[in-house]
Amino acid sequence: QDQLVESGGGVVQAGGSLRLSCTTSQNTFSSFILAWYRQTPGKSGDDREFVATAAMDNYPTYADFVKGRFTVTRDSAANAVYLQMDELEPEDTAVYYCNLFPPISDYWGQGTQVIVSS
């Protein structure tokens, strides 16, 4: 079963930027809408919130809290989805995941940790 692997997280100061990547080894998900989700501190299990979708037609949608700070792109040739996060705020501290939209439990990966210091 192909997996979605997240990377690119780290520690950044408020106002900084990070670029997250979500990659697969095959083009299993090429016909599906992929999305970014996150789990903020204190949440657990399946309690994740939607961040952005990355549709094949490159017309993404974003959660209200993104407020124009994040940009999602999709590179079908590379089997990859990216989340460029700018103007990061401490409230963006979370583990970020990619999955299908809507998500399927079998495809939750380890996520990538983002910590934004104030």
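**Ring pairs and salt bridges**

In this predicted model, ring pairs link Y37, F50, Y97, F101 and W108 into a cluster.

Me: How many aromatic pairs does the rule give?
Reply: The count comes to five aromatic pairs.

Me: Why is the pair of Y37 and F50 called edge-to-face?
Reply: The ring centres of Y37 and F50 are 6.3 Å apart, and a pair needs centres within 6.5 Å. Their planes stand at 70 degrees, and over 60 counts as edge-to-face. The pair is therefore edge-to-face.

Me: What makes Y37 and F50 a link between separate parts of the chain?
Reply: Y37 lies in strand β4 (residues 34–39) and F50 in strand β5 (residues 49–54), so the pair ties together parts that are 13 residues apart in sequence.

Me: Why is the pair of Y37 and W108 edge-to-face?
Reply: The planes of the Y37 and W108 rings are at 75 degrees, with the centres 5.2 Å apart, so this pair is edge-to-face. W108 sits in the loop between β8 (94–100) and β9 (112–117), and Y37 in strand β4, so the pair ties together parts 71 residues apart in sequence.

Me: How do you know whether W108 is buried or exposed?
Reply: The relative accessible area of W108 is 19%. The limit for buried is under 20%, so W108 is buried.

Me: What lies over the face of W108?
Reply: R48 does, at 3.9 Å from the ring centre. R48 also meets D46 in a salt bridge (3.5 Å, N to O). D46 is exposed because its relative accessible area is 66%, against a limit of over 50%.

Me: What makes E89 and R69 a salt bridge?
Reply: Their side chains meet at 3.9 Å, N to O, and the cut-off is within 4 Å. E89 is in the loop between β7 (80–85) and β8, R69 in the loop between β5 and β6 (70–75), 20 residues apart.

Me: Why is R69 called buried?
Reply: R69 has 4% relative accessibility, so it counts as buried. E89, at 25%, is partly exposed.

Me: Which salt bridge does R69 form with closest N and O atoms 2.6 Å apart?
Reply: The one with D92. Salt bridges that share partners join R38, E49, K67, R69, E89 and D92 into one network.

Technical notes
Residues numbered from 1 in each chain as written. Predicted model: local features only at pLDDT ≥ 70, side-chain atom pairs only at ≥ 80, totals over all residues. Heavy atoms only, no water. Phe/Tyr/Trp six-rings, centres within 6.5 Å; stacked < 30°, edge-to-face > 60°. Helix = DSSP H or I, 4+ residues; strand = E, 2+ residues; numbered from the N terminus. Buried < 20%, exposed > 50% of the residue type's maximum accessible area, 1.4 Å probe, protein only. Lys NZ or Arg CZ within 6 Å of the ring centre and 35° of its normal.
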